[in-house]
Amino acid sequence: MTTTPEAPAQVLRTAYQKAVADYWNKEKDPVNLRLGDVDGLYHHHYGLGDYDPSVLTGPEETRDARIIEELHRLESAQADVLLDHLGPRTPADRLLDAGCGRGGTSVMAHARFGSRVDGITISQSQAEFANEQAKRRGMDDRVSFHFRNMLDTGLPGGAFQGIWNNESTMYVDLFELFGEHARQLARGGRYVCVTGCSNDVTGLRSKAVSRIDEHYTCNIHPRSHYFKALAANNLVPIDVVDLTAATIPYWELRARSSLATGIEEPFLTAYKEGSFHYLLIAADRI
């Protein structure tokens, strides 16, 4: 699939967007790359579900490899949960992965539904990497990644039956984002978001939440802002799932791996003190 390349000045319109793009263009964090090396699915999000405690036992020399494989299983399980909420999509549908990272969820979506999938990222290096992965899997005629801004993609209106953000909403204004999604979604189309969001009462006072913001150069939104922005853009929530308890095991296991970055403690603290939530929202375009 061929697309018209965008000039960086057209995509990166603010100093903040340029800073975020620069961060992800340079990012080579082993916690993303080594997990993706397990089976070639490269994610940029966290995991769900209980981990197998047997990975912590057995020969010491292979312990870390077992943990890495298990962390990758949990992050792919998270993507499966997101895709479960897209509804019964078909090969005739067109889907959009907004803030696609290195493309893992897009690849899984095509493998499950057979749909055409477009991924959007403001990182040129991520788009190039993801397109290479799609080519290696022989799906580049149906799965394509673009260096574009998800607030103004330039993609056609009403053309998508499903759109998702997998841990990418904290980099943008929600009202702008959901306005663009509403423009692109066909009437009755489904939007799914998985995100970390702050508790409206205690989140802004939490040192742990502030440390997460600083670590990822992002701007975590209060939980209520999601619903205000959805309502303002004709997106009606049909399912809201608090995944906080289900993601804690991932962070506990990651803290015991060689891939720990130091951000594990703030995440665990924020989740357990209730200042930070891990949320899935599915909404329909009316």
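In the predicted model, Pro-156 occupies the loop that joins strand 3 (143-147) to strand 4, and with a relative accessible area of 39% it is partly exposed. Once neighbours within four places in sequence are set aside, the contacts of Pro-156 are with Arg-94, Arg-183 and Gln-184. The C-alpha atom of Pro-156 is 39 Å from that of Glu-70, a residue 86 places away in sequence.

Glu-70 itself belongs to the contact of helix 4 with helix 10, in which Ile-67, Glu-70, Leu-71 and Leu-74 of helix 4 meet Tyr-250, Leu-253 and Arg-254 of helix 10. By class, the residues of this contact comprise five nonpolar and two charged, with no polar residue. The two helices pack at an angle of about 160°, their axes being 10 Å apart, and because angles over 145 degrees count as roughly antiparallel, helix 4 is roughly antiparallel to helix 10. The crossing of helix 4 past helix 10 is left-handed.

Helix 4 (residues 63-84) also packs against helix 5 (residues 104-113), the axes coming within 10 Å and crossing at roughly 55°. Helix 4 and helix 5 are therefore oblique to each other, and helix 4 passes helix 5 in a right-handed crossing. On the side of helix 4 the contact is formed by Ser-76, Ala-79, Asp-80, Leu-83 and Asp-84, and on the side of helix 5 by Thr-105, Met-108, Ala-109, Arg-112 and Phe-113. These residues divide into five nonpolar, two polar and three charged.

A further helix pair is formed by helix 10 (residues 244-254) and helix 11 (residues 264-273), which pack at an angle of about 155° with their axes 10 Å apart. This angle makes helix 10 and helix 11 roughly antiparallel to each other, and helix 10 passes helix 11 in a left-handed crossing. Helix 10 contributes Thr-244, Thr-247, Ile-248, Trp-251, Glu-252 and Arg-254 to the contact, while helix 11 contributes Glu-264, Phe-267, Leu-268, Tyr-271 and Lys-272. In this contact five residues are nonpolar, two are polar and four are charged.

Within helix 11, the buried residues are Glu-264, Pro-266, Phe-267, Leu-268, Ala-270 and Tyr-271, and the elements that cover them include helix 8 (207-216), helix 10 and strand 7 (276-285). Just after helix 11, Gly-274 adopts a positive phi of about 85°.

In soluble globular proteins, nonpolar side chains tend to be buried together. In the present model the largest nonpolar core has 83 residues, and those with the most contacts inside it are Phe-178, Tyr-216, Trp-251 and Phe-267. Trp-251 touches, apart from its neighbours within four places in sequence, Tyr-46, Tyr-216, Ile-263, Glu-264, Phe-267, Leu-268 and Tyr-271.

Tyr-46, one of the contacts of Trp-251, is found in the loop between helix 3 (30-36) and helix 4. The relative accessibility of Tyr-46 is 12%, so it counts as buried. Excluding residues up to four places away in sequence, Tyr-46 is in contact with Leu-74, Glu-75, Gln-78, Glu-167, Tyr-216, Thr-247, Tyr-250, Trp-251, Arg-254, Phe-267 and Tyr-278.

Most residues other than glycine have a negative phi. Glu-167, which is among the residues touched by Tyr-46, has instead a positive phi of about 60° although it is not a glycine. Glu-167 is placed in the loop between strand 4 (160-166) and helix 7 (174-184) and is buried, with a relative accessible area of 10%. A positive phi near 60° is also found for Asn-234, likewise a residue other than glycine. Asn-234 lies in the loop between helix 9 (223-231) and strand 6 (235-242), and at 39% relative accessibility it counts as partly exposed.

How values were computed: Residues numbered from 1 in each chain as written. Predicted model: local features only at pLDDT ≥ 70, side-chain atom pairs only at ≥ 80, totals over all residues. Heavy atoms only, no water. Axes fitted to C-alpha atoms, helices over the stretch in contact; angles between N-to-C directions. Helix = DSSP H or I, 4+ residues; strand = E, 2+ residues; numbered from the N terminus. Parallel < 35°, antiparallel > 145°, perpendicular 65-115°, else oblique. Left-handed = near helix turned anticlockwise from the far one by under 90°. Contact = heavy atoms within 4.5 Å. Nonpolar A, V, L, I, M, F, W, Y, C, P; charged D, E, K, R; others polar. Core = buried A, V, L, I, M, F, W, Y, C linked by side-chain atoms within 4.5 Å. Buried < 20%, exposed > 50% of the residue type's maximum accessible area, 1.4 Å probe, protein only.
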